[in-house]
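Keep the structure open beside you as you read.

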Amino acid sequence: MPSAVPVSWYLILSAILFGLGVAGFLFRRNIITVFMSIELMLNAVNLSLVAFSYQHNQTDGHIFSFFVMVVAAAEAAVGLAIILTVFKNRSTLAIDDVSSLKN
Amino acid sequence: MGDNFVPTAADMTRFLPELILTVIGTLIMVLEPLTREENKSRLGVIALAGLVAAMWGSAVAAADPGTAFNQMLIVDGFGTFFRFLCIGVGILTVLASFAYLNREHANSGEYYALILYSIAGQCVMVTANELIMLFIGLEISSIASYVLAGYLRDDKRNNESALKYFLLGSFATAFLLYGIAWIYGGTGTTNLTEIHRVLTNRDIAPLAGIVGTSAALMFVGFAFKVAAAPFQIWAPDVYQGAPAPVAAFLSAGPKAAAFAIFLRVYLTAFDTIADRWQPIVVVSALATMIVGNFAALQQSNIKRLLAYSSIAHAGYVMCAIAAHSQIGTQAVMFYMVSYAFMNVGAFAAVTHFARQGERYVNTEDLAGLGVRQPATAALLTVFLLSLIGVPLTGGFFGKFYVFKAALDANLVWLTILGLLNSAVAAYYYLRIIVVMYFKEPGDSTANLQPPAMGIQAVLWGSAAATLVLGIFPSWVLDYAGRSANLVK
Amino acid sequence: MEHASQQLWLIPLLPLLGFLINGLFGRRFPNLLVGLIAVGTVFGSFLWVVKSLQALGALEHAHVEHYYTWLESGNLNIGVDLMIDRLTAVMLLVVTGIGTLIHIYATGYMSHEGGFYRFFAYLNLFMFFMLTLVLGANYLMVFVGWEGVGLCSYLLIGFYTLKKSAGDAAKKAFIVNRIGDFGFTLAMFLMFVHFGSFDFKTVFDKVAPMAVEQTAGPLTWIALLLFVGAAGKSAQIPLYVWLPDAMEGPTPVSALIHAATMVTAGVYMVARSSVIFLRAPEAMDVVAVVGLATAVMAATIGLAQNDIKKVFAYSTVSQLGYMFLACGVGAFSAGIYHVVTHAFFKALLFLGAGSVIHALEGEQDMRHMGGLMSKIPITFAVLACAWVAIAGVPPFAGFYSKDEILLAAHHHHPWMYWVGVATAAMTAFYVSRAMFMTFFGKYRGHHHPHESPFVMWGPLAVLAVLSLAGGWYFKIPHFLEPLFPLAEGAHDETLVYISVAAGAAGIGLAWLFYVASPALPDSIANSLGGLYKLVYNKYFVDEAYNAAIVNPLVNGSRSLLWRVMDAGVIDGAVNGVGSLSRSIGGFVRLFQSGNIRSYAAWVTLGCVAVLVALGMAGGR
Amino acid sequence: MTNLLNWVLALPLIGFVAVIALPKSVARMVTLLLSLVVFVMSLGLVAPFLERGNGNWFVTDVPWIQSPEIRYHISLDGLSLWLVILSTLLTPICVLISWKYIDTRVKEFHAFLLLLEFGLIGVFVSMDLFLFYVFWEVCLVPMYFLIGIWGHDRRIYAAVKFFLYTMAGSVLMLVAIIYLYNKAGTFDYVNLIDLMQRGRLTFTQTEQFYLFLAFFFAFAIKVPLFPLHTWLPDAHVEAPTAGSVMLAAVMLKMGTYGLVRFCVPMFPQAARQNADWIVTLAIIGIIYGALVALVQPNMKKLVAYSSVSHLGFVVLGIFSFNQQGLDGAVYQMLNHGISTGALFMLVGFLYERRHSLEIADYGGVSTPAPALTTAFIVTTLASVGLPTLNNFVGEFLVLQASALVNIWWTVFAAIGVILSAGYMLWMVQRTFFGEATEDLRHHMADLNPREVAAIVPLLFLMLWMGVKTQTFLPYISQANARILQQSQSGVEFRAATPNPEAANGR
């Protein structure tokens with residue numbers, strides 16, 4: 001594939017996605033959305049990994065991104081379970097309501 | 001890769017502890033539905049056996065040091081040291097957990113399995129020679145511990161603890177991962193030694209900005225895991241909300257492993273830019289100590305107090321990392337051992353008197369423990385004195401070596417402020433002693449049962465270890481010293 | 001040392017033995033045994049003094065005995081050394097001789113008091129320290145005795161432990177003495193700094209070749225500081241205030257300690273240090289002026305006191321002033337002469353007063369006496385001897401010594417002589433007043449006076465003889481001539497007549513006031529008004545001291561130092577660090593809001609900070 | 001482990017373990033006997049000094065930790081000899097005076113007392129800086145518990161304050177110790193001094209200043225030097241009698257001992273350069289402590305402030321840098337130990353009878369309790385520095401030493417001597433003289449044989465130390481002479497351009 005699109009564009013996109021993920025975590029109030037923001041951040045990283053891997057002409061980055069996906073899946077499984085128990089106990093998914101442990 | 005894709009016997013030997021832990025963990029999961037409710041604690045015994053076996057496995061692996069799986073893992077003295085440490089913490093945690101689980105009627109195999117998995121992850125972390133392995137180990141350890149933190153599904157505190165730990169943990173891990181991506185992008189490799197080689201070679205070294213960005217992002221991840229300022233913010237809530245034995249585990253095992261990779265990455269891969277990250281570690285160390293110690297001053301909940309204390313201790317350890325030297329590494333290794341014993345011991349005592357539902361977790365609830373249960377009180381006193389850093393305890397030598405390393409690196413002000421901080425810390429530890437011994441016995445200790453066997457074992461064992469470390473530190477220190485130079 | 005050891009240590013040690021025996025076991029002994037031990041040990045000392053003096057002969061040179069090293073540190077070496085020279089010999093005889101008499105007297109006087117054994121134990125302990133003071137061959141030994149007699153004085157003034165006033169007086173005596181000792185110790189320190197020793201011989205040998213200091217130099221400072229010590233012990237201005245209060249003690253104590261022996265220690269010390277004083281003329285002037293001022297002031301106060309012991313107490317202060325006047329004008333031997341004669345007649349006055357008080361079962365106010373001449377004739381007779389002696393009637397004891405002093409004063413500065421004469425007149429007046437109020441006229445009290453037993457008046461008789469003949473018989477100045485060369489100069493007969501006449505005038509005036517026309521004093525007192533009040537109230541010195549020193553010190557310490565400085569500032573700072581730490585902790589805890597998103601914000605902010613610090617810094 | 005000093009050091013530790021292990025009923029007896037045995041053994045420590053003169057005797061020097069090299073190096077010289085014996089003497093006495101006073105948790109009390117003795121002896125015999133620090137901190141723990149468990153109403157505040165104050169000082173000392181090690185490669189005191197003497201180990205002026213300050217600060221808190229003294233009144237008032245006695249008699253000496261042992265010979269230049277303000281603080285402490293003592297309504301507090309005053313003399317002596325000063329200071333440490341220890345003990349006796357420490361609650365005690373009164377007065381007199389009793393000797397030497405340096409120091413310090421008579425006698429008068437109330441008479445029994453046994457040795461020592469100073473002083477003198485010589489040669493060596501101010505010690 002001719003390098004019609006420079007690697008730096010991917011990286012910038014990745015950085016924007018990552019930043020959006022962070023912003024999502026910071027500004028969304030629903031736990032599920034917040035969790036999705038984390039997924040977004042991981043995928044932004046994946047994009048970077050793949051781009052770098054492509055630049056270096058290696059497969060390491062690709063493989064790494066698969067690992068990240070696997071881990072993300074595992075995290076999702078566990079995370080959603082945790083979110084479920086929280087919902088069961090508190091009947092709310094507003095992240096700001098889960099703040100009884102403090103100071 | 002192609003020709004030796006199949007692991008060799010040596011690879012497997014060097015991977016033995018992780019294999020044992022995973023196999024036994026899975027075995028427990030399989031046995032779990034087959035075990036009757038009243039026999040569940042037998043699964044714990046299996047877990048104990050597994051941990052002991054893993055220790056043996058570590059010893060076997062250590063007998064044949066070297067790399068495994070195409071240099072993805074490295075079995076060296078440093079890694080082995082932390083493997084032993086993490087597995088040891090696991091043993092203590094399991095011992096302390098029997099009573100807890102029985103009393104909460106929450107005995108199940110998952111708990112033990114999760115601990116084993118988490119430790120397996122930590123073992124991977126500490127022997128990782130490569131960023132992918134590091135990430136995977138970290139995640140294995142973390143995901144298991146997210147669940148452990150929320151182990152009692154119906155307990156609101158457990159839920160909240162787990163949720164916070166999970167969300168913030170994943171959030172921080174994303175930064176770490178992003179950092180890994182950048183250094184991979186900059187150097188074209190994820191192998192730590194390779195990265196080091198690339199970074200030292202002027203011709204092929206990437207832009208300093210890329211290396212710095214990557215180091216900074218990874219710093220976020222590591223500092224988060226060891227609860228160093230300004231990323232310590234999750235720790236008090238999580239430790240307070242988690243079951244006491246789990247809090248003990250979290251504050252010792254994953255933390256030790258995180259420090260191990262912190263050291264390994266920053267002293268190998270990022271060794272060349274040490275003069276750039278050192279000031280940040282210094283500031284972070286100072287902030288961590290101050291935040292931990294001062295915030296602990298006003299805590300009445302012992303679990304939360306110990307959480308802040310564990311932040312403060314992370315700060316001391318950061319001082320040794322800031323020293324950026326072999327004796328600094330040695331000091332970190334020694335510190336983590338002594339810290340593991342005294343902290344797990346203290347949490348075990350908390351587990352004991354908190355009783356069902358963890359109703360008694362305030363300092364005031366300890367009133368009269370010195371009269372009602374002199375032995376327990378005396379042992380807890382040993383841990384507290386060690387946490388203060390009174391001589392003839394492990395904590396003292398830990399601090400001593402840490403600050404000696406810092407002073408050796410000419411970090412005079414850091415040392416002075418650090419030690420003054422430890423004087424501040426004395427106040428809140430002493431308050432617990434005050435309540436135990438100087439206050440009139442109250443209702444809270446009136447009907448306290450004697451500690452269960454497992455907890456007794458943890459208390460006595462940890463206290464003995466704390467004192468031994470305080471009187472004959474060389475036994476551990478020499479080993480740490482010999483292993484510390486392998487890092488660089 | 002030409003002479004063999006005389007075992008001088010036995011002299012102080014015998015009373016110490018008495019102290020130990022009576023102090024440890026006296027409680028179980030009968031009074032008679034206690035008395036025997038006490039008197040016996042002191043009398044033993046007296047005998048040993050006599051024996052030693054005989055063995056030592058003419059005492060042309062000082063006889064020193066070294067026993068052991070008390071204190072050695074670097075080049076500082078202090079031995080337990082005792083010494084006898086002529087000055088010591090005089091003092092020794094006075095102390096042990098009069099001491100014995102007073103001990104005998106006390107066995108009678110104290111026979112009805114509780115704590116009989118305790119009293120004699122203290123008294124013996126006093127003798128031990130007094131003899132140490134006199135015998136010491138270096139300043140530190142003198143200081144040991146000096147402090148020791150102060151202690152015994154403290155214990156004996158406060159002997160009546162149930163009386164608060166006694167306790168207060170005792171404490172006051174000790175503390176005021178401490179102020180004097182402050183000077184004494186500083187003098188010693190300076191001495192060591194300059195001469196490297198405390199031994200009399202070494203120090204004096206080094207001082208002797210030094211020139212007379214025209215301006216204040218080390219010698220002047222040493223001399224002045226020594227005098228501060230002397231002023232404390234010998235009750236001179238401004239440290240005399242303790243002595244009148246010291247009369248709270250039993251009367252034998254007043255006689256022995258606060259008249260005959262201890263209070264003259266200051267004079268002894270100044271005389272002992274004459275080598276230094278003679279080379280510090282400015283210090284000498286100070287001594288003379290302070291002595292004279294004390295003499296006058298105490299005499300005026302004595303004029304208006306009604307407590308018989310207070311009168312004699314102020315008299316003692318006044319007479320001590322005379323002695324210092326003598327020393328100050330260079331007539332050391334006259335000073336010591338007066339020490340001796342004063343010891344005779346003042347001990348007699350006090351013991352006689354004690355006898356009166358004893359007769360009246362504790363009454364001390366002269367307004368409640370009168371007409372006792374016939375009721376206790378022996379007491380009157382012996383007191384009359386003291387009366388003539390102190391009033392300066394020739395040829396009795398006081399006349400000789402006072403005469404010497406006044407002549408020397410005239411030689412130094414004539415105005416000093418005239419003030420001294422005025423004081424002599426006042427002295428004669430107040431003693432006569434006391435005698436007239438006590439023994440003449442009508443009895444104004446309500447007790448039934450009875451004469452004292454023989455053990456009490458026996459010693460009085462001996463003292464009476466000494467008061468009458470002592471001055472003429474013991475020519476102290478000649479005896480001391482090797483130490484203190486007599487001042488040359490014509491013996492002006494006129495001056496002697498004037499002083500005798502002044503004494504006579506004093507007696508006459510007193511007779512006029514208190515026998516001939518008893519209403520006169522009151523009307524004069526009324527007409528003088530404020531002045532009388534001032535004198536009657538002792539110039540309000542105690543009150544002034546309290547207001548100017550004691551109260552500010554105590555109140556200042558309490559409110560300023562303790563409450564404000566210690567509890568407020570220092571401990572406040574310490575606790576402030578504590579509460580500051582807690583507030584820092586409280587502040588830090590504010591970040592722990594419990595809100596996950598805010599936590600994430602912190603993580604993000606931290607990340608940005610680290611990125612800036614690490615990433616950007618490297619980008620440059 | 002064959003030499004006597006090791007046994008003297010080890011027995012209290014063995015006792016500590018034994019008392020914990022043995023049943024409660026025998027705790028007192030075991031502790032008493034054991035501490036007596038230790039005392040008798042410690043008397044044997046004098047032997048080599050008598051036979052062979054001054055030196056470092058009973059040296060044990062074995063490695064403890066390899067890296068960094070920390071050695072179990074202990075020995076005894078004239079400086080530490082009497083302090084060790086003071087510790088061993090007071091421990092059995094403390095058991096005696098606690099016989100009735102301590103009736104709760106008897107076992108722990110005695111265990112802590114023995115642990116304290118162990119720590120104290122250790123501090124005085126350690127020849128390795130690290131070892132010294134270890135013992136220094138070890139002392140802290142038992143005293144903390146003694147105050148906190150068996151103390152009076154505000155014991156918790158006092159105990160924590162005591163611990164934190166000391167800790168704050170000692171961490172700085174730890175920094176300095178580590179710094180020294182990093183620089184010299186050894187913790188060994190003898191080695192360090194030797195290296196300095198031979199010029200192998202030198203410091204810049206700044207280095208020396210900060211090192212000195214770090215050590216000094218730790219010691220000054222312990223002394224305590226004004227204005228770091230406020231922990232002392234609280235600790236003393238709240239501690240049980242035995243705690244007060246040990247604290248006043250021995251523990252405060254750790255600070256002054258440290259000054260003599262470490263600050264003066266190791267950092268001679270800095271010590272001399274800083275002498276001015278240190279002496280000023282010492283003198284302020286002397287006068288200030290005395291004035292504040294004057295107005296205390298509480299006996300223990302009064303005695304505590306008097307300690308501040310008395311220890312000012314010790315510091316003054318040390319920083320006079322001459323033989324008399326050091327001798328006087330060390331002698332004064334012992335004196336203060338004996339006489340203030342005895343004072344606290346006697347106040348404790350009063351407390352046991354009347355359950356009050358307020359002077360106002362007493363008055364006229366001499367009538368029902370003459371022996372107690374006598375003992376108290378003798379002790380008081382010792383404390384106010386009456387010649388023939390012990391304190392005089394120390395104060396005299398110190399004042400003389402300061403006079404050799406600067407007579408004004410002496411003038412101001414001597415004011416403290418005047419004041420001491422004031423506060424002590426005032427207390428005596430208000431407590432013992434006057435009419436006793438019926439209630440007081442009823443409660444105030446005279447000394448019993450046990451109490452006599454506890455107090456008489458101290459009274460005897462007061463007299464002996466006042467009259468026969470040669471029993472003690474020569475050994476102290478010789479040790480001090482060596483320290484002084486080390487400190488002087490250090491100054492000469494390093495002062496390439498002699499600093500006139502440092503040279504004459506002003």
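A helix axis here is a line fitted to C-alpha atoms over the stretch in contact, and angles run from 0 to 180 degrees between N-to-C directions. Bear in mind that this is a predicted model.

With that in hand, turn to chain B and find helix α4 (residues 77-104) and helix α14 (residues 326-354). Their axes come within 10 Å and cross at roughly 5 degrees. Angles under 35 degrees count as roughly parallel, and therefore α4(B) and α14(B) are roughly parallel to each other. On the α4(B) side, the residues making the contact include Phe81(B), Leu85(B), Gly88(B) and Tyr100(B); on the α14(B) side, Met333(B), Val337(B) and Ala348(B) are among them. By type, the residues of this contact divide into 13 nonpolar, three polar and no charged.

Now move over to chain D. Chain D has 22 helices and two strands. Its radius of gyration is 22 Å, close to the 23 Å that the globule rule gives for 506 residues, so chain D is as compact as a globular protein of that length. Taken along the principal axes, the C-alpha atoms of chain D fill a box of roughly 75 × 55 × 45 Å. Of its 506 residues, 66% count as buried. Among the contacts in chain D with a separation of 6 or more, 80% are between residues 24 or more positions apart.

Which chains share the most contacts, of the five pairs in contact? That pair is chains C and D. Here 40 residues of chain D are in contact with 38 residues of chain C. On the chain D side, the elements giving two or more residues are α13 (275-294), α15 (323-354), α17 (390-405), α18 (407-432) and α21 (473-494). The largest share, 11 residues, comes from α18(D). This side of chain D divides into 24 nonpolar, 14 polar and two charged residues.

Chain D also meets chain B, where 25 residues of chain B are in contact with 26 residues of chain D. On the chain B side, α17 (394-408), α18 (412-438) and α20 (474-484) each give two or more residues, and α18(B) provides the largest share, 12 residues. The chain B side divides into 18 nonpolar, four polar and three charged residues.

Finally, look from chain D toward chain A: no contact joins these two chains, and their closest C-alpha atoms lie 25 Å apart.

How values were computed. Residues numbered from 1 in each chain as written. Chains lettered and ligands numbered in written order. Predicted model: local features only at pLDDT ≥ 70, side-chain atom pairs only at ≥ 80, totals over all residues. Contact = placed C-beta atoms within 7 Å. Helix = DSSP H or I, 4+ residues; strand = E, 2+ residues; numbered from the N terminus. Nonpolar A, V, L, I, M, F, W, Y, C, P; charged D, E, K, R; others polar. Rg over C-alpha atoms; globule rule 2.2 N^0.38 Å. Buried ≥ 20, exposed ≤ 12 C-beta atoms within 10 Å, placed from the backbone. Parallel < 35°, antiparallel > 145°, perpendicular 65-115°, else oblique.
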